Amino acid sequence: MLISEGGCAGGYVGLMMTGVITNGQSYDMKLIRAMRSAGGYAGRMQTGAAAEFGSANILGLELSVGQLVSAVKVFVPTIKSGSVHGYQSGMTVSCFGRDYIHKCGYAGGYAGSAYGAQIWGEENKGNTLGTGCNVYNLRFVRGTNAAGGYVGAATAASVADVNTNASNGLLQSVLNFIVNSRRDIASLIQATITTIRQAEINPDNTDFGFIVEGQDGIPPQFAGGFAGTLEAAVIGNRKGGTHVTVNGLRRVSGKYYAGGFVGLADVGSVASVSGTGENSTTILGLINAGNVDVLDVFRTYIYDADVNGTADGFSVHATRADSEGLLSEVRYTGCAGGYAGGMMNGTIKRSDVTNLNTVTGLNYCGGFIGHAGKNGAVDVDDAAVSSLLGLTAGVLDIFGTVIDDCDVSGTSQGIVITSSGGDEPIAGGFAGFADVSQMKNSNVTDLKRVVSDEIAGGFVGKTDMHYLIELEASSPLVQMVLKIVNALVKALYITNLEAVNLIDLDSTLIGLKLLSDGDLLYVNLLGLKIGVSLVKSTEPGVSDTALVTIGDSSVALPCTKDGIDMTNQNAEVAVNLIKGNRTKAENCSVHGCASGYDVYGGGADNYRDGSSPNGYAGGFVGYNNEGKFSGNVMEYCDVVSGSPQKTGVFSGTTSLLSVYSFNNIRSIEGDNNKYYVYRKTDLDYVLDSNGVQIGSQGVQDTGTPVTYNRFEVTYLASPLTVSDNDPYYKIFEKWKDAKLASDTNGSDPADIEVYKSSSRAVLMLDIPTKPNALSNIPEPAESQDPCDLIHLTIQKVWDDLDDLDGIRPGYIEVRIHQCQTDQNGDIIQGTDVIYKDSSVIPDVDASGGWFRLTKEDHALEDSATWTRVIEGLPVSTTVNENTVYYAYTVEEKTVAGYTTVITYNDDGFTAKIVNRHRPMMPVTGGFGDMIFILVGAGMIIVSVIIFRRRKPSEKKRTDDRFRPPRGLA
């Protein structure tokens with residue numbers, strides 16, 4: 001029988017159920033290993049349940065609800081400014097338990113699992129950085145269930161128990177007691193969520209970095225550079241002042257979800273469960289009782305949290321896929337992202353990814369996030385909650401993920417995103433599948449390839465939306481929205497707005513927080529922003545006007561200090577509600593690497609078009625299901641290729657089923673979205689078949705090693721326009737006969753050939769690309785303090801552009817030289833002998849001392865290195881009754897086509913053999929990546945330093961590198 005509190009190990013504390021640790025440090029941790037939960041600092045942190053809350057009796061004291069909220073905080077485990085310092089050659093955190101029912105298998109560089117924990121470093125003050133709760137000298141985190149560079153799993157105390165419907169957990173007991181005290185429930189829940197502030201992860205070796213992976217070659221279910229899973233957690237601070245940073249990430253490997261920061265972020269599981277049994281209390285039940293803002297506190301929030309890869313970039317892999325049924329919907333796992341594998345009903349703001357190399361998965365994959373979506377809690381459709389708040393269940397479908405001010409950048413190789421082998425493969429440069437999500441002021445730079453068996457997009461693979469169910473003017477939803485608008489209007493007529501804290505509409509809607517943004521007052525109804533600003537009339541007898549915003553639409557309604565004129569306003573509100581629950585991308589951008597980025601959908605590649613029935617491909621979005629795009633830019637896109645008539649320079653295919661005049665293709669995709677066409681030409685104009693100019697006059701572009709003439713095109717602007725019912729491949733037909741010309745009269749025409757077919761668009765030079773080369777940084781050897789025996793680590797590094805010429809052998813032959821040293825540690829000449837002891841090297845050649853390193857010695861994924869450790873070499877010998885110490889060197893047999901360089905680390909216990917081969921320029925197949933060889937190493941450095949294109953951001957570093965001008969006519 002499993003003891004619930006057992007099986008936990010930590011560098012400072014194994015199990016922490018309450019109390020406060022301040023400035024506690026843990027040093028020289030080399031290996032932390034546990035069955036259930038293992039952490040570099042704390043194995044498991046869990047809010048205690050030492051009090052009997054069901055009767056509001058704590059240690060014999062009768063408490064009010066307000067006192068109860070404060071009392072809960074006493075039982076929350078808290079760590080302030082405490083860090084873990086790994087051993088000099090790195091710390092490994094390992095959890096091997098696989099009993100997931102009893103919550104085994106959590107591993108984290110700081111904490112294995114955290115339920116309602118508070119981990120707080122000091123806030124930054126001016127230029128002084130606060131003392132953090134940090135992880136130093138990390139090398140490996142290995143788990144079976146959830147593994148993270150900082151925490152395996154972090155969630156609210158309410159879900160610490162397996163059965164969220166049982167009445168024996170801390171929060172469950174509290175909920176049972178205060179179910180009728182709806183105003184205090186949000187404060188109570190917030191006291192039991194996990195919060196982490198001012199935290200940092202650093203590896204022991206900056207070149208190698210650290211790795212998050214599984215045990216025995218089997219990846220964990222959830223893996224992240226910071227966290228495996230997050231539920232009902234707040235990382236960072238909404239107001240700023242703290243920062244969370246992942247430094248030196250090398251690789252993250254997980255089964256179902258994997259991300260550079262988090263594998264899967266979701267709402268608390270208690271919010272997804274409808275209660276059964278007369279003693280159970282659930283969040284949905286509380287909302288149905290009248291507290292509409294409770295669900296929001298179970299969202300995961302991440303602020304100012306960055307991921308920085310090693311110098312040669314980090315990779316993220318999701319290796320297994322499954323399906324998860326959400327009543328009428330199914331979503332697929334096998335998701336990977338440079339920041340998050342998946343986030344459901346969460347928020348990420350001001351968070352960046354740098355030095356991303358590769359993202360691979362089976363279904364939803366993105367440079368920032370694989371799946372940005374909504375949780376099962378918002379898809380409830382059963383009778384118990386169908387009348388939630390007196391509305392239809394569909395209102396909850398608008399509750400999705402928000403991503404603001406987040407950037408992704410890669411290495412000089414460029415970023416490669418690949419989705420293949422799943423049931424619904426979708427890939428995007430920023431987001432794979434965006435399901436009722438919002439992305440704003442977010443950018444991707446250094447993109448190289450986006451590849452999918454089905455849907456691929458330069459920024460987002462696929463968008464989705466969900467109409468509200470009942471939109472008749474008489475629907476309860478419309479009535480509720482009108483009540484909210486009416487209350488906001490009345491509030492605007494109040495002189496002292498600072499005194500207004502809550503809007504009390506009636507007994508069915510209590511606790512909606514009143515927020516302000518300039519002259520706009522608004523509330524968030526389960527994620528739908530409803531705001532009102534007031535325009536007062538200056539003409540006698542004319543009503544004032546309330547400008548109402550609902551989602552991304554607006555409507556003007558007459559009003560007075562007594563509220564809006566309710567006559568015939570319901571229909572207008574109903575129409576505008578449609579716009580509130582679709583995916584949106586605003587002021588976002590995607591920028592290619594030096595040779596441009598390619599988007600390949602439907603199985604397309606450098607030399608063939610796509611063939612899948614779902615082979616959608618777009619320079620910005622692959623498949624847009626009514627998503628709203630405005631002010632977006634795509635730069636340095638080379639090739640977009642998918643299946644016939646499902647490929648577009650900006651949008652591959654758009655699905656729009658609407659009977660409303662406002663809801664047309666132009667309104668959702670024609671709002672100042674821009675892309676660029678690049679040609680090596682002196683001709684300055686592009687004209688369509690009728691001689692009408694397309695886009696701007698050509699401008700010289702020197703942002704890559706190739707100098708182009710660049711033509712800016714506003715998507716869906718004249719003459720490239722389509723009627724609302726035209727399929728998008730009509731744009732292909734209009735581009736097909738376009739010409740380059742020296743003037744607007746069409747002089748000296750030349751074909752521009754943007755579309756080579758209805759399944760292939762070329763915006764640059766059609767330079768073939770390939771997957772990125774594997775890393776040639778070997779794992780550093782462990783430090784050792786030899787007494788009787790030496791462990792000699794032999795590292796083999798292949799520097800041959802990932803065996804581009806195909807001449808790398810399957811093995812090399814090496815031998816060890818044993819030499820005596822003097823008192824200064826210098827080798828004594830004439831003492832060199834070949835080491836041939838077969839008891840130490842079983843496969844040694846007795847005559848010559850040669851033995852082999854083979855490709856089977858490839859110990860790490862994403863690595864072009866082999867490693868073999870020879871254990872048991874003697875440290876010393878006795879000569880003339882004096883102790884003489886040995887030194888060891890290695891020799892390699894010549895490898896045809898390669899040059900060899902052998903180096904040793906400072907202690908002499910690690911030998912690195914580098915075999916270098918530089919392929920010749922290929923005869924056919926275009927430039928490929930050899931363009932970098934042609935321009936030379938110096939040009940590469942210059943292009944990387946000067947011309948890597950990043951969008952300036954108020955919140956981050958100053959960036960004066962080249963960007964093409966925007967807003968050209």
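Mentor: Let's start with a term: a nonpolar core is a set of buried Ala, Val, Leu, Ile, Met, Phe, Trp, Tyr and Cys residues joined through side-chain atoms within 4.5 Å. Buried means under 20% relative accessible area, exposed over 50%, and partly exposed in between, using a 1.4 Å probe and protein chains only. This is a predicted model, where local features need pLDDT of at least 70, side-chain atom pairs count only at pLDDT 80 or more, and totals for chains, interfaces and linings use all residues. Residues are numbered from 1 along each chain as its sequence is written, and side-chain values use heavy atoms, with hydrogens and water left out.

Trainee: How many residues does the largest nonpolar core have?

Mentor: In soluble globular proteins, nonpolar side chains tend to be buried together. Here the largest such core has 115 residues, and Y150, F226, F261 and W735 have the most contacts inside it. Strand β25 (residues 244-254) gives the largest share of this core, four residues; strands are DSSP runs of E, at least two residues, numbered from the N terminus. Apart from that core lies another, of 25 residues, including L792 and W798.

Trainee: Which residues is Y150 in contact with, leaving aside neighbours within four places in sequence?

Mentor: Contact means heavy atoms within 4.5 Å. Among the partners of Y150 are G108, Y110, I119, C133, I201 and F226.

Trainee: Is E626 buried or exposed?

Mentor: E626 counts as buried because its relative accessibility is 2%. This non-glycine residue has a positive phi, near 65 degrees, and lies in the loop between β60 (621-625) and β61 (628-630).
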